[in-house]
Amino acid sequence: MTDSIQFSPDFTWGVATSAFQIEGASTADGKGPSIWDTFCRNPANIKDASNGDVACDHYHRYREDVGIMAGLGVDAYRFSMAWARVQPTGKGAWNEKGFDFYSRLLDALEEKGIAAHLTLYHWDLPQGLQDEGGWLSRDTAYRFADYAREVARRFGNRLASIATHNEPWCTANLGYGNAQFAPGVTDAKQAVQVSHHLLLSHGLAMQAMRAENPKAALGIVLNQWTSDPATDSAADRALAELEWARSVQWFMDPIFKGRYPELALRAHGANAPTVFDGDFDIIRQPLDFLGVNYYFRHYASAETPPRTAPAALGVTDMGWEIYPQGLTELLVKLNGEYTLPPIYITENGMAAPDSVEQGQVTDTIRIRYVQQHLAALQAAINQGVDVRGYFLWSLMDNFEWNSGYAKRFGIVYVDYATQQRIPKASALWYRDFVAAQHLQRRAA
Ligand code: PNW
């Protein structure tokens with residue numbers, strides 16, 4: 001099905017990971033604890049009572065992992081930096097050994113000609129800052145800008161892009177709304193205030209990095225979904241609209257329009273955030289790119305119990321509906337509502353119950369998933385959306401947050417007992433697909 005798909009010759013093909021999910025080495029070389037180290041200390045928080053102490057041991061095996069990427073022939077790698085590695089308590093002195101690790105990783109990537117796309121914050125706040133209020137404290141936004149400035153100063157010229165945050169919706173709502181994620185708070189009002197401080201920190205970091213390195217390509221990564229009413233009822237349609245306002249517009253409007261969406265503000269009522277004069281001027285910084293993570297659509301049903309999505313194409317091992325057309329609809333809708341910079345799909349992929357049989361992992365379902373989403377992506381491009389790249393989530397199986405190691409998103413299988421990496425059928429398929437896309441690059 002993707003045989004017929006031709007993306008532009010300079011389209012970026014990549015894979016993605018994040019620091020806490022793969023690095024392990026949780027106390028190595030002076031790294032400080034993060035809120036995810038702390039969260040995992042309570043085994044009840046993680047489905048298999050696991051933690052990130054070892055994970056994929058990428059900290060020690062990064063060379064092998066970069067070699068695997070080179071074997072796949074990808075153009076680019078999206079990863080994140082563990083803030084507590086380079087600044088153990090989130091403020092004060094820099095930890096040179098922490099920066100050295102990322103410098104070695106960049107060396108390895110450069111050697112293989114793989115472009116490095118860095119995310120500054122993929123959920124692992126230094127515990128030292130959490131102890132002083134974490135993202136509920138406005139001050140944390142300023143600490144984040146200091147960190148961003150230092151990274152731009154040291155590495156700006158070696159990075160193809162720098163994203164401030166990964167999925168601030170998750171940080172705020174899963175971390176402070178329903179306690180699925182660190183720091184494990186359930187307080188709707190706090191969740192909203194945290195989302196404001198995350199946006200503020202994004203703006204402050206953008207300003208700091210621009211001043212430090214005007215040439216760096218800067219942006220943010222948001223998880224997004226379309227929201228479809230389950231039925232034609234007025235209640236379902238209203239709920240769908242509210243969900244769009246609370247999840248997508250809540251982050252997009254401040255960044256691109258300098259305000260919060262009225263509908264969501266009204267819905268938050270007494271939980272609306274405290275906003276200082278000038279905050280929106282800080283938040284509304286021009287972006288060089290927008291990263292979009294897409295996994296599923298939102299299905300809005302006001303009935304009790306709510307109707308569930310029909311899932312005509314099935315569900316993933318996370319229970320998430322497979323709904324590729326939602327990616328087309330999302331991108332076209334965003335393009336209509338906002339004046340957008342170039343878009344990168346910074347995450348897309350699926351969890352499947354993979355296992356090794358005679359040395360092989362036959363994840364046909366994942367190949368189909370990626371094919372369907374690439375077709376959907378092409379449809380959006382054909383409708384005028386400026387998409388420049390696609391990063392498959394994930395390079396390898398890893399620590400899937402509160403699901404622990406039970407959910408596998410990788411195109412490379414990880415045998416955690418031996419740390420052996422086994423490319424799945426999807427990895428071989430992606431390798432061949434990317435190679436075919438590169439052929440026309442040479443022809444062009
Ligand atoms: C993203 N939701 O997380 C993250 O960026 C990755 O670190 C993660 O491994 C991947 O998707 C798969 O889960 C999300 O509930 C977690 O809507 C939860 C949601 C969305 C994204």
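Q: Which residues come nearest to the ligand?
A: Of the 18 residues around it, those are Q21, H122, E347, E400 and W401, where "around" means a heavy atom within 4 Å. Bear in mind that this is a predicted model, with local features needing pLDDT of at least 70, side-chain atom pairs counting only at pLDDT 80 or more, and totals for chains, interfaces and linings using all residues. Residues are numbered from 1 along each chain as its sequence is written, and side-chain values use heavy atoms, leaving out hydrogens and water.

Q: How far is a polar side-chain atom of Q21 from an oxygen atom of the ligand?
A: The distance is 2.7 Å. For H122, a side-chain N or O atom is 2.8 Å from a ligand oxygen, and for W401 the value is 2.9 Å.

Q: And how much of the ligand's accessible area does the protein cover?
A: The protein covers 93% of the 450 Å² that the ligand has on its own (Shrake-Rupley method, 1.4 Å probe).

Q: Which helix gives the largest share of the shell?
A: Helix α8, residues 168-176, with 3 residues (helices are DSSP runs of H or I, at least four residues; strands are E, at least two).

Q: Switching to D397: where is it found?
A: D397 is in the loop between β10 (387-393) and β11 (412-415).

Q: Buried or exposed?
A: D397 counts as buried because its relative accessibility is 0% (buried is under 20%, exposed over 50%, partly exposed in between, with a 1.4 Å probe and protein chains only).

Q: What lies 3.2 Å from a polar atom of its side chain?
A: The backbone nitrogen of V414.

Terms used
Polar contact = N/O pair within 3.5 Å; in protein donor to acceptor, adjacent residues only side chain to side chain.
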